[in-house]
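Please open the model in a viewer and keep the selection tool at hand.

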Amino acid sequence: MTTTPDTAPSILIVDDMEENLVALEAVLGSLTQKVVRARSGEEALKAMLREEFAVVLIDVLMPGMNGFETAANIKGLDQTKDVPIILLTGASVDPNYAYRGYTVGAADFLIKPFDPWLLRTKVNVFLELHRKNRQLAAQAEQLKRLLTSDDRPGGEGPPPAPTTAAAGTDMGAPSTPSAPAVTTSAPAAPPAPKEYPDPQQRPEPRQRAEHPPLPPEGLGAPAPSEPPPQPAPPAAGDASRLAEIAGQLAEVELLLRDAKGSDKERLADRIAELEASVGRLMVSRGT
């Protein structure tokens, strides 16, 4: 049956006698549900095809189409086969009526005169069951729409399919491995200098490297800087002067090895001459 969660279900009562319909309306009036009358089985089938009902109460003994036939026709239609049916009958009934009623698909069987409270309780159970079924149907429909919808919640479309090749490249050509990404990290902060209470315990500072470490080769490495200019080779005159000074130094060394007390002044003069020669050489080279 088609579910309409926004409307309250109705109750259908079927009996060929007016006084029985009035009595049923009085008993079911406290349930605040719409009660629809039908005076025959044919009229009941037409009413059920026009609107939805939560439960149907049918009198067994009716002229024409009796209660068993009416219940069987209701259960035979796809639109109304799930509607619960309560059969009502008088006190002097055939003992097989109850069995026959359950055989045609009735949910319950009551014998007149029935207890009004018992009838309201049974009908109220079927009303609550109908409400639950409608809620489940609405939730199932909403879940089905979410699963079959192409759009995601929030207005986002389906995720793009992964591409197997970059744009502008041959799909059949083998892919070449890309260059590894160069990751750079910030230099770590130098450790704090260790405090020494005794100055004599302080270690000697290490000498700095003569040349800074070379940067790593690869992507992002800076271009090597130009080597520092080398000093110009000495001129021919400077070479001869250096050779002369080297000879004088060798002579001074020999004199120092064999020096006596009388030769000290002569050695001092020779050293002063060498100092002057070195100074003149430095001036001529511009150092």
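**The whole chain**

This is a predicted model, in which local features need pLDDT of at least 70 and side-chain atom pairs count only at pLDDT 80 or more, while totals for chains, interfaces and linings use all residues. Residues are numbered from 1 along each chain as its sequence is written, and side-chain values use heavy atoms, with hydrogens and water left out.

Begin by colouring the chain by pLDDT, the predictor's confidence in each residue, from 0 to 100. The average for the protein is 74, and 62% of the residues score at least 70. Select residues 1-6, where pLDDT stays under 50 and the model has 13 contacts beyond four places in sequence; a contact means heavy atoms within 4.5 Å. Next select residues 164-184, where the pLDDT is below 50 and the model shows five contacts beyond near neighbours in sequence.

Now switch to a cartoon view. Seven helices and five strands make up the secondary structure; helices (H or I, at least four residues) and strands (E, at least two) are DSSP runs, numbered from the N terminus. Along the sequence, the pattern reads β-α-β-α-β-α-β-α-β-α-α-α. Among contacts between residues at least 6 apart in sequence, 61% join residues at least 24 apart.

A surface view comes next. The protein exposes about 21200 Å², of which carbon and sulfur atoms supply 58%; accessible areas come from the Shrake-Rupley method with a 1.4 Å probe, and for residues only the protein chains shown count as cover. Of the 287 residues, 24% count as buried. Buried means under 20% relative accessible area, exposed over 50%, and partly exposed in between (1.4 Å probe, protein chains only).

**The cores**

In soluble globular proteins, nonpolar side chains tend to be buried together. A nonpolar core is a set of buried Ala, Val, Leu, Ile, Met, Phe, Trp, Tyr and Cys residues joined through side-chain atoms within 4.5 Å. Select Leu12, Val14, Met48, Val56, Ile58 and Leu87: of the 23 residues in the largest core, these touch the most other members. Two or more residues of this core come from each of strand E1 (10-14), strand E2 (34-38), helix H2 (41-50), strand E3 (53-59), helix H3 (67-76) and strand E4 (85-89). H2 gives the largest share, four residues.

Centre the view on Val56. Apart from neighbours within four places in sequence, Val56 is in contact with Leu12, Val14, Met48, Val83, Pro84, Ile85 and Ile86. A second, separate core has 17 residues, including Leu21, Leu24, Leu28 and Val123.

Which residues of H2 are buried? They are Gly41, Ala44, Leu45, Ala47 and Met48. Seen down the axis of H2, these buried residues fall within an arc of 165 degrees, so they line one face of the helix; the arc is that of the directions from the helix axis to the C-beta atoms. Lys46 and Arg50, on the other side of H2, are exposed. The buried residues of H2 pack against E1, E2, E3 and H3.

Move to H3, whose buried residues are Gly67, Phe68, Thr70, Ala71 and Ile74. Down the axis of H3, they fall within an arc of 165 degrees, so they too line one face of the helix. Their packing partners are H2, E3, E4 and helix H4 (96-103).

**Loops**

Select Thr80, in the loop between H3 and E4. Thr80 is buried, with a relative accessible area of 1%, and its side chain reaches the backbone oxygen of Ile74 at 2.7 Å.

Pro84 also lies in the loop between H3 and E4 and is buried, at 16% relative accessible area. Pro84 and Val56 are 28 residues apart along the chain, yet their C-alpha atoms are separated by 6.5 Å.

The peptide bond from Lys112 to Pro113 is cis, with omega near -10 degrees.

Finish at Thr32, in the loop between helix H1 (18-28) and E2. Phi of Thr32 is near 60 degrees, a positive value in a residue other than glycine. Thr32 counts as exposed, at 69% relative accessibility.

Conventions. Polar contact = N/O pair within 3.5 Å; in protein donor to acceptor, adjacent residues only side chain to side chain.
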